[in-house]
Amino acid sequence: MRWNAVKLRNFLYLNTKVIEDYTASIDGYTYDEESQAIATSSENTLAGKGAIGFASGNGSHIGKQSEEVTRSVRISDAAKFEKLYKYLESDEDDGLKYFESLSDTDYDALYRDDFLEVLVTARFSKMKELTDSVKKIAELAAIFETITDQQILDKKATEAVNGFSALGQIKSGKEIACVFEFDDKKYPLVAYLDESYFRCRQDSFVGQAYLLCKIVRKVPKGQSIKLDEIFDDVKKLPLNRAQRRNMPKNMDNPAELRDVIKGPAFVVLPIAVYQ
């Protein structure tokens, strides 16, 4: 039986727009602040001889006064998330479903728009992992060149670094493809993350964590998803027949950058990632 008390979470990613939209649907409105009334009390000492009842040794009387103080408090993103989480958890039939692994039966019983909380390990696409690694190598090379006054990267290596940097610039500002996997690597979940909602450094993001998400679609066995296709935008251009004939026949990523997620799998809307 899972504990229903408030859970303390360290958020790595939190889509505040989705949470605002969902909580507004639950309450019929949204707000960032609320007023709280707090009752306070104080004790007053009244001097007097011959007092009876509540009296001290010198005959002083202790009386109590109470008052109510109103304060304005800001509703945090974590509190809004907790409200949404409890709402989903309260619906035992169609609410939140928790998994640390999935069986074939579990997969078949899940549908579009189902909400999931899963314990998974995250990784970025091969394209992002490689371009990020090349960026770090270039930064380290620049530091060593400054210290040693010697060229670390030859002309060919510099051209390769510049090429990967250009690929990174193409993907910059776009959603980041991320794969969330169970320990057994079955039924992976593919999500596209908005950079503005990260709550940690991206190099600290990968690893095991909880993912709260909504199923966008299921990818059945025999189908697949290609991540970070370089020429994806070109493929979507409205070209005529002659233009299509002049395009290269193979516009898939090179083998080093090819990242294909085979079904059965999921495409999900990521709401939060936390530990």
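D113 lies in the loop between α3 (104–108) and β5 (115–124). This is a predicted model, so keep that in mind. Phi of D113 is near 80°. That is a positive value, and D113 is not a glycine. Is D113 buried, partly exposed or exposed? Its relative accessible area is 44%, so D113 is partly exposed.

Next, K185. You find K185 in the loop between β6 (176–181) and β7 (189–193). K185 is not a glycine either, and its phi is positive, about 70°. How accessible is K185? Its relative accessibility is 54%, and the cut-off for exposed is over 50%, so K185 counts as exposed.

Now a peptide bond. From G263 to P264 the bond is cis, with omega near 10°. P264 sits in the loop between β10 (260–262) and β11 (265–274).

On to the helices. Two packed helices are described by the angle between their axes and the distance between the axes. Here, α1 (residues 16–27) packs with α2 (residues 77–90) at about 55°, and the axes are 10 Å apart. That angle makes α1 oblique to α2. The crossing of α1 and α2 is left-handed. Which residues meet? From α1 come T16, I19, E20, Y22, T23, I26 and D27. From α2 come D77, K80, F81, K83, L84 and Y87. By class, the contact of α1 with α2 has six nonpolar, two polar and five charged residues.

Last, confidence. The mean pLDDT of the protein chain is 80. Of its residues, 63% reach 70 or more. Over residues 50–56, the pLDDT is below 50. Beyond near neighbours in sequence, that stretch has five contacts in the model.

Note on methods. Residues numbered from 1 in each chain as written. Predicted model: local features only at pLDDT ≥ 70, side-chain atom pairs only at ≥ 80, totals over all residues. Heavy atoms only, no water. Axes fitted to C-alpha atoms, helices over the stretch in contact; angles between N-to-C directions. Helix = DSSP H or I, 4+ residues; strand = E, 2+ residues; numbered from the N terminus. Parallel < 35°, antiparallel > 145°, perpendicular 65-115°, else oblique. Left-handed = near helix turned anticlockwise from the far one by under 90°. Contact = heavy atoms within 4.5 Å. Nonpolar A, V, L, I, M, F, W, Y, C, P; charged D, E, K, R; others polar. pLDDT = per-residue confidence, 0-100. Buried < 20%, exposed > 50% of the residue type's maximum accessible area, 1.4 Å probe, protein only.
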